[in-house]
Amino acid sequence: MRAAIMQERQQGSQRNSRQLGDTPPEEFRRQLHELADWIADFREHIDQLLVAPNDTPGAVRGQLPKHAPEEGEPFEKILTDVDRVIVPRMVHWSHPMFLGYFGWTSTAPGILGEILSAPLNVNAMTWRTCPAATELETVVIEWLRQWVGLSDEFEGVVYDTASVGIMHALAIAREEAAPATRKLGLTDRDLPRFRIYTSDQAHSSAEKAAIALGLGEENVIRIPTDDQFRIDVNSLGQSIAEDLRNGFQPMAVIATVGTTSTAGVDPVPDIGNLCREAKIWLHIDAAYGGGFAMLPECEWMRNGWELADSIVINPHKTVFVPLDFSVLYVRDLARLRRVFSLVPEYLRGDTVDAEKNYMDYGIQLGRRFRALKAWVIWRSLGRAGVVARLREQIRLANLLADWIKKDDRFELAAQPSMGVICFRFLGDAAPSPRAAGAARRRAASIDGNDKINSDIVERINASGRAYLTQTKLRGRTVMRIGLGNVLTTEEHLRKGWEIIRETAEAARPKSQIPKPKCQTNFNQPNSKRSKRD
Ligand code: PLP
C-alpha cells in the first residue's frame, strides 16, 4: 500500500512538471484553428448528414470506454471521436430537413456568440461579479421588450427555459395569494387550495411549476378549447365561479400565445379582463409566439399583453438565440425580487445595492453569460433580419398547407399558425367525404389511421432523410411540422413533402391500396372482362 502511494506520488511529480497549468498558447491556437475549420465544415456540409440516427439505446455507450481516462488525451484524438461516435448518433436539429418541434435557432452568428462566451466563462451572480454580463443582460432584455412592443412597466430576467420562467412567475402569484409563504411555507396555515387554470392545449410546464411550488398538479385545471385550439373563455369563467363556490382560491390563469401542438393563440384580452375582475394573476406563455409578435402583421397577437402580470418569451425558439435563453417579463419586477432575494454573508461584499444583482431574481445563484450570444446574434441580424426570417417561416408554412389542401389523401388537422402545420394522412377514408359510406368508412378507419400517421413519422425519422413529430389533437394522431431553421428553403420543404407522400403510400396497409380504376390487360387486347371488373 505504502509503496503504491510512493509510486503514485513519484509519477505525479514527474507529470506535474510536464502537465500542470494550461495548454501552451501555440498549441491552443493550432487547436482553435482546427476547431474553427471543423465548425465551418460541419455547418457547410450539414445537409449531407442523416438528420437522425436509427440506433437502439446504448449505441453511443457501447462505443465508449466504461472508465474515464487515467491520463489526458490529445484534442485531435477527442475530435476524431466526436466525428466517429457523436456526430453520426445525433438528431441534427440544425439540419435543413429537421422539421420537428418548432424548428431550431442555429445560425452562424449564434455559433460565434456561443464560442465567444466560452473563454470569458464568468459567473454573473451579482453586478460586481461581472458588471458587463449583468448590464448586457438588462440591455438585451430591454431590446426584446421594445421589439415585441411590450409596455415599459415590464422588466425581465433571463433563465434557461420557459419552464423555469413560469415556475418563478407562479412563485410570485403564490406569494401574493398567500402572503409570507416565502417565510412560512404552505403547510399548517389553514390556507385554501389554490387553483391555476390553463387550456387543454397548454404546455405541461404548468403542472411542473405546480409540483415544484407545492401547489399540487391536480390544482392545475385544464379548460377545453374551441375548434381553433384556443381556450374557451366561457368555460374558464364557469370553472373559476364553481371553484369559488367550492372554497378553492383561483390563483393564476396561464394564457398561451403559440400552443405547443398547433401554435394556437388564446383570446388574451378576454382572459385578461376576466383576471382583472377576479384579481387573478395572468401569466402569458408566449414561449413560441412571443418572437412572432415582432412582425407588424402579427401585432394582433400582442392584444391583451397590457393586462398581464408576467409573460415568458423564448428567444431560443423564435428569435434565433441558441439554446438556452428564455426571458420572463414581470410587471414591477421588484415583486419577483421580494420572493427570492437572499444575500448570504459570503456574498455581501460582492453586491452593490443600487445595481441589479440577477441572483436576487430566482432560485439560481451561478449564472452564465447568456446575454452575450443574444447580443451577438441580434446585432448580426438586426430587427429587420429577424423579422424577414420569421416572415419566411410563415410563408413556407402556408405553402405547405396549400400543398396539403391540394392532395385529397391528406387533410389539415388545424389551421396553420406561425411556422406550425398539423396534418393527417387519411388512408382509405380519402378521397371524397361526400361519397356514399365515406363517413362510416372514415370512422371505422380512425384507429387504423392513427397508427398509419404515427408509422409515417417513425419511418421518415428512421430513414434519416427528414425529421418531423407527431401529436394528438382531439384524440387523433396527426403529423406536425415546425419550421424555424434558417437553412430550410422552399426546396427542402418540397423534398420533405415528397418524402411524406411517398412514405404515406408505403405505410398504407395493403388492403387500403386503391385498385386501379381500369384493369386493361394490354397483352390481351380483346380479352372479355366481366361486369364486376
Ligand atoms: N411553453 C410552450 C408553449 C412550449 O411549447 C414549450 C416547449 O416547447 C414550453 C413552454 C417549455 O419550454 P422550455 O423547453 O423552454 O422549458
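Me: How many helices and strands does the protein chain have?
Reply: The protein chain has 18 helices and eleven strands. Helices (H or I, at least four residues) and strands (E, at least two) are DSSP runs, numbered from the N terminus. This is a predicted model, where local features need pLDDT of at least 70 and side-chain atom pairs count only at pLDDT 80 or more, while totals for chains, interfaces and linings use all residues. Residues are numbered from 1 along each chain as its sequence is written, and side-chain values use heavy atoms, with hydrogens and water left out.

Me: What share of the residues in the protein chain is buried?
Reply: Buried residues account for 47% of the 533 residues. Buried means under 20% relative accessible area, exposed means over 50%, and partly exposed is in between (1.4 Å probe, protein chains only).

Me: And the accessible surface, what does that come to?
Reply: About 27500 Å² for the protein chain, with 53% of that belonging to carbon and sulfur atoms. Accessible areas come from the Shrake-Rupley method with a 1.4 Å probe, and for residues only the protein chains shown count as cover.

Me: Of the contacts between residues at least 6 apart in sequence, how many join residues at least 24 apart?
Reply: In the protein chain that's 73% of them. A contact means heavy atoms within 4.5 Å.

Me: Let's zoom in on helix α10. Which of its residues are buried?
Reply: In α10 (residues 268-278), the buried ones are V268, I271, G272, L274 and C275. Viewed down the α10 axis, these buried residues fall within an arc of 165°, so they line one face of the helix. That arc is taken from the directions from the helix axis to the C-beta atoms.

Me: What covers those buried residues?
Reply: The cover for the buried residues of α10 includes α9 (233-245), β4 (249-256) and β5 (281-286). Just after α10, K279 takes a positive phi of about 55°.

Me: Since β5 came up, where does A286 sit, and is A286 buried or exposed?
Reply: A286 is in strand β5. A286 is buried, at 0% relative accessible area.

Me: What does A286 touch?
Reply: Leaving out residues up to four places away in sequence, A286 touches V257, W305, I311, V312, I313 and N314. A286 and R302 are 16 residues apart in sequence, with their C-alpha atoms 9.6 Å apart in space.

Me: New topic. How many disulfides are there in the whole structure?
Reply: Zero, going by a search of the whole structure. The test for a disulfide is a pair of cysteine sulfur atoms within 2.5 Å.

Me: What about C130 and C298, buried or exposed?
Reply: C130 is buried at 11% relative accessible area, and C298 is buried at 5%.

Me: OK, salt bridges. How many in the whole structure?
Reply: The search finds 33. A salt bridge here is a side-chain nitrogen of Lys or Arg within 4 Å of a carboxyl oxygen of Asp or Glu.

Me: Which residue does R337 pair with?
Reply: R337 forms a salt bridge with D360, and the closest N and O atoms are 3.3 Å apart. R337 is in helix α13 (residues 334-340) and D360 is in the loop between α14 (345-348) and α15 (370-406), so the pair ties together parts that are 23 residues apart in sequence. R337 is partly exposed at 32% relative accessibility, whereas D360 is buried at 2%.

Me: And R465, what does its side chain meet?
Reply: R465 meets E502 in a salt bridge at 3.4 Å, N to O. The pair links distant parts of the chain, 37 residues apart, with R465 in the loop between α17 (446-463) and β10 (469-473) and E502 in helix α18 (residues 490-507). R465 is partly exposed at 39% relative accessibility, and E502 is partly exposed at 45%.

Me: Which residues are linked in a network of salt bridges?
Reply: D407, R409, E498, R501, E505 and R508 are linked that way.

Me: Last one: which residues form the nonpolar patch with about 270 Å² of accessible area?
Reply: V60, L64, I86 and M90, on the surface. Patches are made of residues with over 30% relative accessible area and no salt bridge; like charges are joined within 9 Å, nonpolar side chains (Val, Leu, Ile, Met, Phe, Trp, Tyr) within 5 Å. L64 is in the loop between α2 (25-45) and α3 (75-86), and L64 counts as partly exposed at 37% relative accessibility.
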